[in-house]
Amino acid sequence: MDGEKNYKTSGNIKTLTVDGALYLRFEDFQTTNGPDLFVYLVEPGEDTADGIRLGALKGNQGNQNYMIPKDVDLTKHSRVVIWCRAFDADFGTGDLKAMNE
């Protein structure tokens, strides 16, 4: 989903397991380019900066993977946010949903 102001984001998000590690995967991903972009998992209603930082955004388009720490509860940290530290702005968000939802 698009973020604040005029920041546009689209694509699909899902989780996948590879060699016992859990990853967040962006597919057909595209977002407005910006400085200092990071990927976060947050609890709905939580400030992005208080969430779990998965790392710097690898690029503003294309498929990409981010390792999720083993202790993260995705039923709580179910919101994915592309956050710009320089502008303190959400460039895009998405919600992870269980496969049966």
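These notebook entries record what I looked up in a predicted model.

**Entry 1. The nonpolar cores**

I began with the largest nonpolar core and found that it has 18 residues. Within this core, L24, F26, V39, L57 and I82 have the most contacts.

I next looked up I82 and set aside its neighbours within four places in sequence. I82 is in contact with F26, F29, L37, F38, V39, L57, A89, D90, F91 and G92.

**Entry 2. The second largest pocket**

I recorded a volume of about 150 Å³ for the second largest pocket. Its lining consists of 14 residues, and M1, T9, I13, T93 and G94 are those that lie nearest its centre. Which strand gives the most to this lining? Strand 1 does, with 5 residues. At least two lining residues come from each of strand 1 (9-18), strand 2, strand 6 and strand 7. I sorted the lining by class and found 7 nonpolar residues, 7 polar residues and no charged residues.

**Entry 3. The salt bridges**

I turned to charged side chains. Side chains of opposite charge can pair when their charged atoms come close. The structure holds 4 salt bridges, and I examined several of them.

In one of them, the side chains of E27 and K14 meet at 3.4 Å, N to O. E27 belongs to strand 2 and K14 to strand 1, and the two are 13 residues apart. Are these residues buried or partly exposed? E27 has a relative accessible area of 22% and is partly exposed; K14, at 38%, also counts as partly exposed.

I then looked up D36 and R85, whose side chains form a salt bridge at 3.0 Å, N to O. D36 is in the loop between strand 2 and strand 3, while R85 is in the loop between strand 6 and strand 7, so this pair ties together parts 49 residues apart in sequence. D36 is partly exposed at 32%, and R85 is partly exposed at 42%.

I also examined R79 and D95, whose side chains meet in a salt bridge at 2.8 Å, N to O. This pair links R79 in strand 6 with D95 in strand 7, 16 residues apart. R79 has a relative accessible area of 26% and is partly exposed, and D95 counts as partly exposed at 32%.

Notes. Residues are numbered from 1 along each chain as its sequence is written. This is a predicted model: local features need pLDDT of at least 70, side-chain atom pairs count only at pLDDT 80 or more; totals for chains, interfaces and linings use all residues. Side-chain values use heavy atoms; hydrogens and water are left out. A nonpolar core is a set of buried Ala, Val, Leu, Ile, Met, Phe, Trp, Tyr and Cys residues joined through side-chain atoms within 4.5 Å. Buried means under 20% relative accessible area, exposed over 50%, partly exposed in between (1.4 Å probe, protein chains only). Contact means heavy atoms within 4.5 Å. On a 1 Å grid over the protein atoms alone, a cavity is a set of points where a 1.4 Å probe fits but cannot get out, and a pocket is an open set with protein on both sides within 12 Å along at least five of seven lines; lining residues have an atom within 4 Å of a point. Grid points are joined across faces, edges and corners, and a volume is the space filled by probe spheres set on the points. Helices (H or I, at least four residues) and strands (E, at least two) are DSSP runs, numbered from the N terminus. Ala, Val, Leu, Ile, Met, Phe, Trp, Tyr, Cys and Pro count as nonpolar, Asp, Glu, Lys and Arg as charged, and the others, Gly among them, as polar.
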